[in-house]
Amino acid sequence: MTQTTTDAGGGPGGGAGGGADADRLQAHFDEVIAHDRRIEPRDWMPDAYRKTLVRQIAQHAHSEIIGMQPEGAWITRAPSLRRKAILFAKVQDEAGHGLYLYAAAETLGVDRADLTRRLIEGRQKYSSIFNYPTLSFADVGVIGWLVDGAAICNQVPLCRSSFGPYARAMVRICKEESFHQRQGYELLLTMMRGTEAQRAMVQDAVDRWWWPSLMMFGPPDEASPNSARSMAWKIKRHSNDELRQRFVDMTVPQAEKLGVTLPDPELRWNAERGRYDFGTPDWDELKRVISGDGPCNEERIERRRRAHEDGAWVREAAAAHAAKQAARRDRDRDRDRGHDRDRKHDREAS
Ligand code: BYC
């Protein structure tokens, strides 16, 4: 079982100072990692570990928030009240995931407003998958099945990540993601039992989302600059390729049951490996999408920027309300202290 470590005297600065102190702090950190215990926000940690976590957790949080857009576009066009209520709840869950993750990032000494600014200014990334358009309601089902399915493969191991707040946030997120995946699969099963046109919509959506879903796991291991260090620190528990393979192995039987084909002529069972062989994603496409040149990058960021600006009055109102409450609490405390003083004075006088 994973345990929590004690404070080794670090704090958000993360600098170990020099000499024996630095060695002692580094040795403690290494021991915590080696014994599969957890680093907590007040523990000392190397600056590069902190930086890697901020990068990954912020990207993850941004992905959840930007990820509300492709499916959110279908809330007003859902085919029934039941589907609308389900989609509403799912998109709302994603907002919640973003909030847990921003909160986890803030324990590392960064500010959520600053992270949002970095996203809007294109200085921080979010998952490539959310730069593809949702063209039909079948896309909502396929996002649940494939995108949330890929997210589960990637994120269940993150529940054992070495940084406590991230690992704990992931436990709750994964529970909700697995519910999301089942709702997507159930929607697709329903459509596959429907008309010929509905089955064609599902197949078309699967054809469009299959390869982008495989790209969610990141570049191949030999082109993944961060993996080795993140795995040594037990932030990431498996390599990009290993998780991609797990996703394929999990998904192929589900596709067969659903009655859809996956758009990969090289996909076949390899009895020797006991795993599926599959084709190579278009890594140039992934690079283009990550660097801002996907089908919907501009639209997604513009929408996020507008939502942030439109929401400024809510943040200002909440801050003004909090300030008023704090001032009222101070006034009440001063008044109570005044009453206590008067009563003491009366007692002494009588
Ligand atoms: N898209 O060295 P690598 C969800 C970047 S939300 C964009 O392998 P790392 C959901 C990578 O950041 C799903 N960028 O990196 C929400 C790095 O760039 P920088 C989000 C990508 O970090 C709503 C560079 O490429 N999930 O499920 O070791 C509705 C080199 O890559 C991508 C997470 O965020 C990509 N696909 O591994 C429905 C999970 N891939 O930062 C569903 C947490 C790579 O050096 N994150 N890059 O400039 C991770 O597990 C890891 O960060 C990754 C990448 C596996 C994604």
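These legends walk through several close-up views of a predicted model. Local features are described at pLDDT of at least 70 and side-chain atom pairs at pLDDT 80 or more, while totals for chains, interfaces and linings use all residues. Residues are numbered from 1 along each chain as its sequence is written, and side-chain values use heavy atoms, with hydrogens and water left out.

View 1. A salt bridge here is a side-chain nitrogen of Lys or Arg within 4 Å of a carboxyl oxygen of Asp or Glu. Helices are DSSP runs (H or I, at least four residues) numbered from the N terminus. R208 is partly exposed at 25% relative accessibility, and D204 is partly exposed too, at 38%. Partly exposed lies between buried (under 20% relative accessible area) and exposed (over 50%), using a 1.4 Å probe and protein chains only.

**View 2. R273 pairs with D277 in a salt bridge.** The closest N and O atoms of R273 and D277 are 2.9 Å apart. R273 has a relative accessible area of 41% and counts as partly exposed.

**View 3. R306 and E302 meet in a salt bridge.** Here the closest N and O atoms are 3.7 Å apart. The two residues sit in helix α12 (residues 297-310), four residues and about one helical turn from each other. R306 is partly exposed, with 41% relative accessible area, and E302 is partly exposed with 33%.

**View 4. E71, K90, E94 and D148 make up one network.** Salt bridges that share partners join these four residues. Side chains of opposite charge can pair when their charged atoms come close. The count of salt bridges in the model comes to 30.

**View 5. K234 sits in a loop between two helices.** This loop runs between α9 (227-232) and α10 (240-258). A polar atom of the K234 side chain lies 3.0 Å from the backbone oxygen of I33. Leaving aside residues up to four places away in sequence, K234 touches I33, A34, D36, R160, S161 and S162. Contact means heavy atoms within 4.5 Å.

Definitions and conventions. A polar contact is a pair of N or O atoms within 3.5 Å; within protein, one must be able to donate a hydrogen and the other to accept it, and residues adjacent in sequence count only if both atoms are side-chain atoms.
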